[in-house]
Structures are given as C-alpha cells and as structure tokens.
Amino acid sequence: MKRQRVRGWSGVFGLLGTRATGLSILLVAAVIAVLVWQMAPTAEARKPYQVPQDPAMESSLGIRIKQIAVVGDGGLVEVRYTVLDGQKASRFQNNTHHPPVLRSERRSGDVYRTALMKQGHQLRPGQTYYILYLNNHNTVRSGESVEVTAGNTHLRHVPVR
C-alpha cells in the first residue's frame, strides 16, 4: 500500500521554506498595515472661523472686518473687509494717515504701517477689499488674536489665520 501525502500547514509553509519564514512574512505584512493606517490622513473638523462684530465700528467706518491673516512668510498681515456703506468706506479708505491699528493680545507692539490697496473706483456695498500691513518684528502671529482700533472704536479678540 502506497502512503498518500496530506497537505496541511506544513505543505503551505513548506513552499516558502519553513514555518518561521511564513510567520515572518505575516508579521511584516501586519507592521506595514499598521503603518499605513497610522499615516492615513484623517478628516478633522476645524473650529469655524468667526470674527466678532462691533456695530459702532461698522456704523462709523462703513465696513465689516471679515478676516485677519498672516501672509507673505509672516512679514505681512492682510485685513479683509466687506463694504457696508460705500461713502463711509471711501472716507475710511482715503484716510491713509490714520489706518486702523492692530494690537496683538499676547505681546507688546502695534502693527500700523500699511499699504492701502486703493481700488481706483467707487467702493461697492457687499464687495470685499483688503489692506496689507507690515508685520513689525513678527508682532502678529497666526493662531493668536488681535485688537483692531480705528479712531474711538475697538474690535477685540479677532482671531488671526
């Protein structure tokens, strides 16, 4: 009587060499799977960006500040605003000697040197415009908050992107 060979685990791993080789391959595959899982990007929800509003400032200047962001490799601060009243906003924009002052809520120093982006036409309500500031000594930093002072009005706790 001829003996029949039964294939089992020894037969499968026998093709690979030994059981140790097979276990090594499984272990490497498991490590790769864990690394891929750890490095996969996740969908994290950020807090919504909200700028506080000040009715007195909006009424006085005819604008609503929409965003403050550090740009230009940290050397500039961009203030975006939406025009609410075209005539008041034009007076605001034409007053190049007294632009709003940005004050960090974390460190001393003001940001006040601007490059006003004169639009060359009548400002339209609902349209968004911007002012660029020179960020002296990296006073304003992304992730922090600033206070915006324009004349006698103050807008506090404005987050900086």
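Colleague: Which residue meets Arg106 in a salt bridge?

Modeller: A salt bridge here is a side-chain nitrogen of Lys or Arg within 4 Å of a carboxyl oxygen of Asp or Glu. Arg106 meets its partner at 3.4 Å, N to O. The pair links distant parts of the chain, 38 residues apart, with Arg106 in the loop between β3 and β4 and the partner in the loop between β6 and β7. That partner is Glu144.

Colleague: Before we go on, what kind of model is this, and how are residues numbered?

Modeller: Residues are numbered from 1 along each chain as its sequence is written, and side-chain values use heavy atoms, with hydrogens and water left out. Local features need pLDDT of at least 70, side-chain atom pairs count only at pLDDT 80 or more, totals for chains, interfaces and linings use all residues, and the model is predicted.

Colleague: Is Glu144 buried or exposed?

Modeller: Buried means under 20% relative accessible area, exposed over 50%, and partly exposed in between, with a 1.4 Å probe and protein chains only. Arg106 counts as exposed at 64%. Glu144 has 10% relative accessibility, so Glu144 counts as buried.

Colleague: Which residues are linked with Glu144 in a network of salt bridges?

Modeller: Glu144 also meets Arg107, at 2.5 Å from N to O. Glu144 lies in the loop between β6 and β7 and Arg107 in the loop between β3 and β4, so this pair ties together parts that are 37 residues apart in sequence. Arg107 is partly exposed, at 23% relative accessible area. The residues networked with Glu144 are Arg106 and Arg107.

Colleague: Which residue forms a salt bridge with Asp110?

Modeller: By the same rule the count comes to five salt bridges. In the one with Asp110, the closest N and O atoms are 2.9 Å apart. Asp110 is partly exposed at 29%. The partner of Asp110 is Arg103.

Colleague: Which are the edge strands of the open sheet?

Modeller: The open sheet has four strands in the order β4-β3-β7-β8, with antiparallel pairing. An edge strand here pairs on one side only. The edge strands are β4 (110-111) and β8.

Colleague: Which residue in the hairpin of β1 and β2 takes a positive phi?

Modeller: Eight bridges join β1 to β2, and these strands run antiparallel. Arg64 stands opposite Thr82 in β2. The hairpin has four residues between the strands, and the residue with a positive phi near 60 degrees is Gly72.

Colleague: Which residues does Asn136 contact, leaving aside neighbours within four places in sequence?

Modeller: Asn136 is found in the loop between β6 and β7. Its relative accessible area is 15%, so Asn136 is buried. Contact means heavy atoms within 4.5 Å, and the residues that Asn136 touches are Asp110, Tyr112 and Arg113.

Colleague: What is the secondary structure of the chain as a whole?

Modeller: Read along the sequence, the pattern is α-α-α-β-β-α-β-β-β-β-β-β. Of the 161 residues, 30% count as buried. The secondary structure comes to four helices and eight strands.

Notes
Pairing = 2+ DSSP bridges. Helix = DSSP H or I, 4+ residues; strand = E, 2+ residues; numbered from the N terminus.
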